[in-house]
Amino acid sequence: MRLLIFLAASLSWGADSGQLAKIAVRMRELVDQQRIAGTVTLFQEKGELVHFEAVGWQDIENKKPMRKDSIFQIMSMTKPFTGTAILMLAEEGRLSVSDPVEKHLPEFRGQMVAVDGVLRKPRRAVTIHDLMTHTGGVHSAPPAGLAELYTKMNRSLADAVLVYSQQPLDFEPGTRWSYSNAGIATLGRIVEAVSGMAYERFIETRIFQPLGMKDSHFFLPEAKRERLAIVYKKTATGLERADGSILGGVSAAARPRAIYPAPEFGMYSTAEDLARFYQALLSGDRRILSRASIRLMSSRQSGDLRAGQAPYTAFGLTWEVVDEDPRGQVHLLSKGTFGHGGAFSTHGWVDPERKTVGVFLTQLTGAPAEAKQAFMQMANSAVVE
């Protein structure tokens, strides 16, 4: 009898196809209202693809429809790939998450902290854990000497992180949460120092290739540029192409002459490729990480600090985590869900309780995230429990 009850409970899980079908309808409404140019949305349950749609335009001006294999700048969705690389090296015994940054990057020795406008020695050195949780006090934006780094991407990772190492910390390590792009870039440089490989090469050979992520790159090949989705911005009259002041510069140019891989925001990818990565973490694919490391990086690591971009969430190791506070589940995500968004309104998540993976891709800067939120709520409400 217990076996029959268990089987019945297992079979009760599923996805409401009628609800999932409404997603494309809602996305088309937003496209028609010129609130977004287009979207690619993907949802998997227990490793099975239950929703995958492309809606709208990849390039409005040239009338190029959005495709399921359109390539996007996923921006800060890159960060968990950098965190995964760090934990891969930890599993090989090459570093520890508790290591001071200066152990692997000596240029950080003697870094100061600015307190009430006065420089002093911090109570302790910044650790890798601090960088992974955005609690290290590392200032987020590049300093004046690197003012064009994020648009022209014309300096090496080693050069950029050397400059970061000479800047004072904004606060004592471990005492506050403050989102730090430079901190994640520093993690990428640690990957280089410890592995002896260029950061982008490490990610390509250790993550992209094993998982078959054939359309994921830090420097987009010329042959794939016709699949690149253009970044738009919302105006009073509709949508227009974003200018060269955005991260990565003019999107259609695909970062000409770039040499900076940007471990904090540099990836190009597709919905299908991202789903491969998220599914590997959901399934505990040992080619990437052990379940122990996956549990570590997807659990609260930010202590009692107010952390995360969304209200009432916590922060793991480069992942935002839906934790104890039920107010963090406002988009119908289960407790224990971990995910990350990007500057151009992209988002991806893994829900271990429901065994689901979601990917939302668009290219929109400086606008409300209504399309992303709509997709998350509609997809998660389609799961039949």
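Fourteen is where I start: the count comes to 14 aromatic pairs in this predicted model. The rule takes rings of Phe, Tyr and Trp (its six-membered ring) with centres within 6.5 Å; planes under 30 degrees apart are stacked, over 60 edge-to-face, the rest tilted.

A note on the numbers. Residues are numbered from 1 along each chain as its sequence is written. The model is predicted, so local features need pLDDT of at least 70 and side-chain atom pairs pLDDT 80 or more, while totals for chains, interfaces and linings use all residues; side-chain values use heavy atoms, without hydrogens and water.

Now two of the pairs. Phenylalanine 43 and tryptophan 349 are tilted, at 6.3 Å centre to centre and 45 degrees between the planes. What does this pair tie together? Phenylalanine 43 is in strand β2 and tryptophan 349 in strand β14, so the pair joins parts 306 residues apart in sequence. Strands here are DSSP runs of E, at least two residues; helices are H or I, at least four; both are numbered from the N terminus. Both residues are buried, meaning under 20% relative accessible area with a 1.4 Å probe, protein chains only.

Next, tryptophan 319 and phenylalanine 338. Their ring centres are 5.0 Å apart and their planes at 80 degrees, so this pair is edge-to-face. Tryptophan 319 sits in the loop between β11 and β12, phenylalanine 338 in strand β13, so the parts tied together are 19 residues apart in sequence. Both are buried. Both also belong to one aromatic cluster, together with Phe81, Tyr199, Phe208, Phe218, Phe277 and Tyr278.

On to the cores. A nonpolar core is a set of buried Ala, Val, Leu, Ile, Met, Phe, Trp, Tyr and Cys residues joined through side-chain atoms within 4.5 Å. The largest has 79 residues; Phe277, Tyr278 and Ile190 are among those with the most contacts inside it. Helix α10 (residues 271-283) gives the largest share, eight residues. Apart from this core lies another, of 26 residues, including Ala374 and Met378.

Those two take us to helix α12. Ala374 and Met378 are buried there, as are Phe375 and Met376, among others. The cover over the buried residues of α12 includes α2, β2, β3 and β14. An open sheet of three strands runs β9-β8-β16, with mixed pairing; strands pair if DSSP finds at least two bridges between them.

Methods
Buried means under 20% relative accessible area, exposed over 50%, partly exposed in between (1.4 Å probe, protein chains only). Contact means heavy atoms within 4.5 Å.
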